[in-house]
Amino acid sequence: MLELKSVRAGYGGFQALFDVSLEVGHGEAVGVIGPNGAGKTTLMRVISGLIRPTSGSIVMEGVDLVATPSHRIVEVGIAHVPEGRRLFPRMSVEDNLRMGGFVPAARPKFRQRLELVYELFPRLRERCRQLAGSMSGGEQQMCAIGRALMSEPKLLLLDEPSAGLAPVIVEQLFELLKRIRAGGLTVLIVEQNVQQVLRVVDRAYLLKAGRIRAAGPAAGLLGSATIREAYLGA
Amino acid sequence: MGIVDIFLLEALINGVLLGGVLALLSLGLNLIFGVIDVVWICYAELIMLGMYGMYFLSGVYQAPIVLSAAVCIIGVGLLGVLLHLLVIAPLLGSPPINQLLATGGVLFFLQSAATVLFGVEFKNLGLRLPVLKVSGVFISYARLLAFGAAVIGMVLVYLFLTRTYTGAAIRAIAQDRQIMTLMGVDSRRIYLITSAIGGALAGLAACLLVLQYDVHPFVGLSFGPITFLICVLGGLGNFVGGFIAAFVFAEIISLGGLYFDLEWGYVFAFAFFIVMMFVRPQGLLARRS
């Protein structure tokens, strides 16, 4: 479904990704793990077009994303839940969700998608008129995921969804991710929370210092020596 | 009712009427700042051009006033788009001071160009609108009309911002411009639409102000600084704050003018502004961050 080949990217003179290649198949849940500063967020941004690669190719279902204007990538079927949630704090929950369904194709389905998101996150229905910035971190994360689902994506990019949340909330969040997956959505998730994320995904890549260092089924990576090394910095 | 009470009531009403027009002016500037993060220092000069437009269309060529107003609003709206494309867009990545200097340059350019083209004489529509008398209180029909039209203009903008997808995107981009592309929003398009609305609001303001004031190349100086101060007082980019600040300012001007001379009203208003900058530097409705 999504294929990256030898992608290089960075900010200004700083290169964050070196020849990264990875693949996500239909209906798969793929994790990208790695220590702080490994380039995980850059990887997500380069896929959704927030930054453009300096070389390499990114193809989603035959569409060349490198040649697609950034704001049209969501129409290809990719929704990105950014690091830090990035809700519109002074807009209501429902207006935030409306922005998620901004693309012309999603507008006629607004009510239907809204219902789906509210069923998934009943808390958002209760808070639909509340300003997004006034909610708790967990509620904001639900809203951010809900907003991404509004565009009816085929591929959901999640960047550190558990960051800054209490352990109980993180537990709930990963339960919800399983339910979202059950709906047939393909998921690419970046996490620091290795133990937890490896229980949700099918496969995972280990990213360190901008390069893919290991890849394989989640179960295999859980006990792998490479992973332990990467985190201990050995 | 005593004679003092009637004057007081009159001043209060005039304050509200003035407040409506000032609120309209500040809405345009605030919208541009909130969305594009640029201050159009030359905002009042767009109004000046609109006033000349009204003068020529309606005063010289005798076109129907409603038609002139429509042409004027659309025309200044297009000037807003032009200003964005020619001056703002190329400087979006530059330091804010450069953008400020560039729009400041446009201010003097427009003033000088207007002097060359139209001369320095004061011109007016030659329209004399009646004064209404309601139970002893005199209300200028021109001010009432200006207030009404300003309120209608603001309500239309409010409905646009709250009821349409483009309006929601305009509000959203003011809160987080980087992630707008993730929503599938083309920021450049939103900037153009916002510039057109900001310009159109200046055009509407021109139509209303030309009913009360003579137009000359430097007329912008009468409205520009006060509009900018109102926006700062309300918190730059904060639409509601600007709205409230406009009425606070207008009442100070109007009541100050009642108890002292008219000019004293402005002195009090600007003194109030300076004091408020010490007390609430982030604006009346400071955002919690």
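R86(A) and D176(B) form a salt bridge in this predicted model, with 2.7 Å between the closest N and O atoms. A salt bridge here is a side-chain nitrogen of Lys or Arg within 4 Å of a carboxyl oxygen of Asp or Glu. The rule finds two salt bridges across the interface of chain B and chain A. On the side of chain B that touches chain A, α6(B) gives the most, with six residues.

Values for this interface are tabulated below.

| Item for chain B and chain A | Value |
|---|---|
| Residues of chain B in contact (heavy atoms within 4.5 Å) | 19 residues |
| Residues of chain A in contact | 22 residues |
| Buried area (accessible area lost on being put together, 1.4 Å probe, summed over both) | about 2,100 Å² |
| Share of buried area on carbon and sulfur atoms | 64% |

The largest contribution, three residues, comes from α5(B). I65(B), in helix α3 of chain B, has a relative accessible area of 35%.

Residues are numbered from 1 along each chain as written, and chains are lettered from A in the order written. Local features need pLDDT of at least 70, side-chain atom pairs count only at pLDDT 80 or more, and totals for chains, interfaces and linings use all residues, while side-chain values use heavy atoms, without hydrogens and water.

Note on methods: Helix = DSSP H or I, 4+ residues; strand = E, 2+ residues; numbered from the N terminus. Buried < 20%, exposed > 50% of the residue type's maximum accessible area, 1.4 Å probe, protein only. Buried area = accessible area lost by both parts, 1.4 Å probe.
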